[in-house]
Amino acid sequence: MLPRSKVFSELGNLILFLLLEGISFYLIITYNDSQAKIYHNTINVISGNIANQASNIRGYFSLKEQNSILLKENAKLKAKLFNLAEKQGSKPEDLDLKFTQNQIFNLISARVVNNSISLRNNFLSLNKGRKAGITENQGVIGENGVIGITKAVNDNYTTVMSIFNSQTKISARIKDKGYFGSLVWNNNGDVRYMTLNDIPKHVPIKLGDKVETSGYSNLFPSGINVGKIVGKRIPPGSSTYELKVKLYQDMTKIKFAYVVINYETPALDSLYLQTKSL
Amino acid sequence: MNLALLNNGNRFIILLLLQIIVFSQARLGPLGPYYIDIIVFPLAYLLLPFRTPRELQFLLAFGIGLIVDISMQSPGLHAGASVFTIAVRPIILRLLEPRGGYDKLHSPTLQRFKWPWFASFISILSFVHILFYFSMEVFTPLFLGAILIKTLLSWFVSTLFIFLIVIILNPLD
């Protein structure tokens with residue numbers, strides 16, 4: 001047998017060592033819950049600062065565009081307020097929305113400082129964290145739809161599991177018809193479309209039907225427009241549709257996001273735990 | 001050669017079974033959060049013959065670690081610790097090198113070495129494995145105290161059990 005070159009053997013061993021440790025590390029942060037959280041948190045702290053600075057600078061270049069988007073949204077909300085006031089027959093500022101006693105949802109606005117869309121499991125970072133009242137497992141929405149679910153939070157930053165993540169599942173329904181299913185991303189790299197599953201095949205579905213959040217997961221309020229149906233298909237042997245949904249939200253351009261605080265979540269969670277222990 | 005293969009193969013299987021069926025079932029916790037894990041399977045890869053190719057050492061350590069991980073639902077923890085420990089083994093062997101060096105054909109067993117040598121060899125490397133394991137389990141240097149306490153407790157108990165196994169089974173080359 002020929003003697004192997006010493007350099008190759010040592011270099012090969014080093015590469016093998018690093019490869020195996022790399023696999024172990026990947027397994028650790030992928031399949032162990034607490035380690036995964038700590039990992040994302042740490043990455044948050046490190047990259048949050050850098051990304052925040054970069055986003056600060058980038059922000060100047062799109063000020064005009066962002067301004068007009070926010071103005072439009074403001075106008076839309078104002079119009080809704082006036083309509084509501086008209087119905088109740090009072091001035092907008094006298095409207096009694098009973099926010100103090102019955103408020104279920106609150107929104108916290110935040111800037112998106114980091115965003116990935118090209119991976120299999122994508123994440124975003126927001127420039128607000130625990131200090132602003134954000135915790136794990138809260139919904140995040142944008143101007144035109146759903147963005148994701150908060151995954152790890154530290155004092156000043158939040159990592160959000162994007163809707164373009166294989167673990168994200170969002171409860172959604174067909175507008176005006178009420179049938180609900182779960183909205184997932186099928187990892188095909190195309191960030192314009194998602195797939196709505198679990199709608200029974202006897203439901204009449206038309207292309208162009210609108211899809212909105214169902215509100216069943218208590219992460220998101222019901223009725224947030226998500227997208228419209230552009231393709232339908234029943235996989236062979238299946239009793240449910242596989243619907244192709246075109247998103248209203250352009251995830252490649254988001255700069256702002258709102259974290260949804262649901263004041264009923266603790267109560268619902270404890271109820272759920274009670275049911276589970278029965 | 002065939003005998004070494006047979007001995008090591010048996011060792012891997014017996015230690016895997018012992019680890020999974022017996023020792024992994026008992027997580028001793030007399031001290032509240034500072035529980036003790038009894039980890040004996042590193043003995044299997046630590047006793048590999050000196051002449052075993054490095055690549056094979058890495059792969060075997062990774063493999064046995066991964067199997068234990070799957071049974072303990074801790075993917076990556078033992079696999080990473082095993083690969084790290086087998087990587088450290090030559091350094092420890094160099095530190096403990098007896099006068100006259102090692103015989104390439106031998107394994108680091110009691111058959112070839114005296115108790116003081118064998119005890120230091122096993123206890124140092126099982127400490128490395130267990131320290132790496134708990135570092136990855138706690139996963140943040142913020143709880144360095146917890147890592148060290150768990151490591152020391154588990155290391156002490158695990159090493160005792162490893163010696164017990166060695167005395168009972170008397171592994172050969």
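Predicted model: local features only at pLDDT ≥ 70, side-chain atom pairs only at ≥ 80, totals over all residues.

Me: What makes S7(A) and S8(A) a pair of strands?

Reply: Pairing takes at least two bridges. Strand S7 (residues 180-184) and strand S8 (residues 193-200) of chain A have three, in the antiparallel sense, so they count as paired.

Me: And how do you know that S8(A) pairs with S11(A)?

Reply: By the bridge count again: S8(A) and strand S11 (residues 240-247) of chain A share six bridges, in the antiparallel sense, and the cut-off is at least two, so they pair. Pro200(A), for instance, has Thr240(A) in S11(A) as its bridge partner.

Me: Which strands form the closed barrel?

Reply: Six strands of chain A, in the order S1-S2-S5-S4-S3-S12, with antiparallel pairing. From one strand to the next, the twist averages 45 degrees.

Me: What makes S2(A) and S5(A) a pair?

Reply: Strand S2 (residues 121-126) and strand S5 (residues 158-165) of chain A are joined over five bridges, antiparallel. At least two are needed, so they pair. Leu126(A) stands opposite Thr158(A) of S5(A) there.

Me: Which strands does H2(A) lie across?

Reply: S1, S2, S4 and S5 of chain A, and H2(A) runs at about 75 degrees to S1(A).

Me: Why are Ile147(A), Val245(A) and Ala257(A) said to be in a nonpolar core?

Reply: A core of this kind is a set of buried residues of types such as Ala, Val and Ile, joined through C-beta atoms within 7 Å. Those three have the most contacts inside the largest core, which has 44 residues. S4(A) gives the largest share of this core, five residues. Ala257(A) touches Ala110(A), Val112(A) and Leu126(A), among others. A second, separate core of 42 residues includes Phe84(B) and Trp155(B).

Me: How many residues does each chain bring to the contact between A and B?

Reply: Chain A brings 15 residues and chain B brings 16. On the chain A side, helix H1 (6-31) and helix H2 (33-61) each supply at least two residues, and the largest share, eleven residues, comes from H1(A).

Me: What makes a residue on that side of chain A count as nonpolar, polar or charged?

Reply: The residue type decides: Asp, Glu, Lys and Arg are charged, for example, and Gly is polar. Sorted that way, the side of chain A that touches chain B has eight nonpolar, six polar and one charged residues.

Definitions and conventions: Residues numbered from 1 in each chain as written. Chains lettered and ligands numbered in written order. Helix = DSSP H or I, 4+ residues; strand = E, 2+ residues; numbered from the N terminus. Contact = placed C-beta atoms within 7 Å. Axes fitted to C-alpha atoms, helices over the stretch in contact; angles between N-to-C directions. Buried ≥ 20, exposed ≤ 12 C-beta atoms within 10 Å, placed from the backbone. Lists of a residue's contacts leave out its neighbours within four places in sequence.
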